[in-house]
Amino acid sequence: RRDFWPGTRLRRDSVTLGVAPRRTLECELRQPTNDGLAMPPTAPDSPTPEPLQIAVLTISDSRTFANDRSGDALRDALEESGHALCRRELVPDDIFQIRAVVSGWIADAEVDCILTTGGTGVTGRDGTPEAIEPLLVRRIDGFGELFRQYSLEEIGPSTIQSRAFAGVANATLVFGLPGSTGACRTAWNRI
C-alpha cells in the first residue's frame, strides 16, 4: 500500500475501472474535528507511507538540464520528502512531444506520479493542459483551484494566467505546474 495523500491508499493488486490491471485508489473516511476539518487517521497500526516513484517533466523552449531550476526544485523537494525520482525529461513546448512522454509514463507501472512544470500559461506556445488533459481519466479540479488561491497570496491577480491542473490516468497521479520555481515550491509545499 502507498499513501498518495493522507487518508488515500494505493493498492497494486487490483484492477482500475476500465484500464489494464495495475492499481486502484482506495480511500479511508476521516472523523471530523470540532472545527469541521477532517483529521488523518491516528490508529497506532496505521501503515507508514511508502515512497512514491515520481517522474518530472520540464516543458520549455529555452531551458536545458543545466538551467532547469524548477525541475531541480521539484527533484529536491520530492527526494527530501522521501520519494524517489524515477524519470526526468525536458521537452519543448510541443503538444505532441509532451503527450508522447506523459502517455509513456502513464503506461509505465514503475511511475506512481507525474509532475510537469511549464507550459501552463496563456501565451502562444503554452500547451501543456491541451497535451495532457485528454489523457486523464479523472480530473482533480480542486488542485488548480487551490493552487490559484495560494498563488493569489504570493503574486496577486497574475495568478489568473495559471492553468495549473491535476488528474488521474491509469491510477497515476498527474500534476501540471507552472514553470516558475516559486510556483513549483508553492504547489509542493502547500498542496
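Arg-190 is partly exposed, with a relative accessible area of 35%; the term covers values between buried (under 20%) and exposed (over 50%), computed with a 1.4 Å probe on protein chains only. This is a predicted model, where local features need pLDDT of at least 70, side-chain atom pairs count only at pLDDT 80 or more, and totals for chains, interfaces and linings use all residues. Residues are numbered from 1 along each chain as its sequence is written, and side-chain values use heavy atoms, leaving out hydrogens and water.

The partner of Arg-190 is Glu-154: the two form a salt bridge with their closest N and O atoms 3.8 Å apart. Here a salt bridge means a side-chain nitrogen of Lys or Arg within 4 Å of a carboxyl oxygen of Asp or Glu. Glu-154 sits in helix 4 (residues 141–155) and Arg-190 in helix 5 (residues 181–190), so the pair ties together parts that are 36 residues apart in sequence. Helices (H or I, at least four residues) and strands (E, at least two) are DSSP runs, numbered from the N terminus. Glu-154 is also partly exposed, at 45%.

## A network of salt bridges

The structure has 12 salt bridges. A network of them links Arg-63, Asp-68, Asp-72, Arg-75, Asp-76 and Arg-88.

Let's look at two of its pairs. Arg-88 meets Asp-68 with the closest N and O atoms 2.8 Å apart. Arg-88 belongs to strand 5 (residues 84–91), while Asp-68 is in the loop between strand 4 (53–59) and helix 1 (69–80). Asp-68 is buried, at 0% relative accessibility.

Arg-75 and Asp-72 form a salt bridge at 3.4 Å, N to O. Both lie in helix 1, 3 residues apart, or about one turn of the helix. Arg-75 is partly exposed at 25% relative accessibility.
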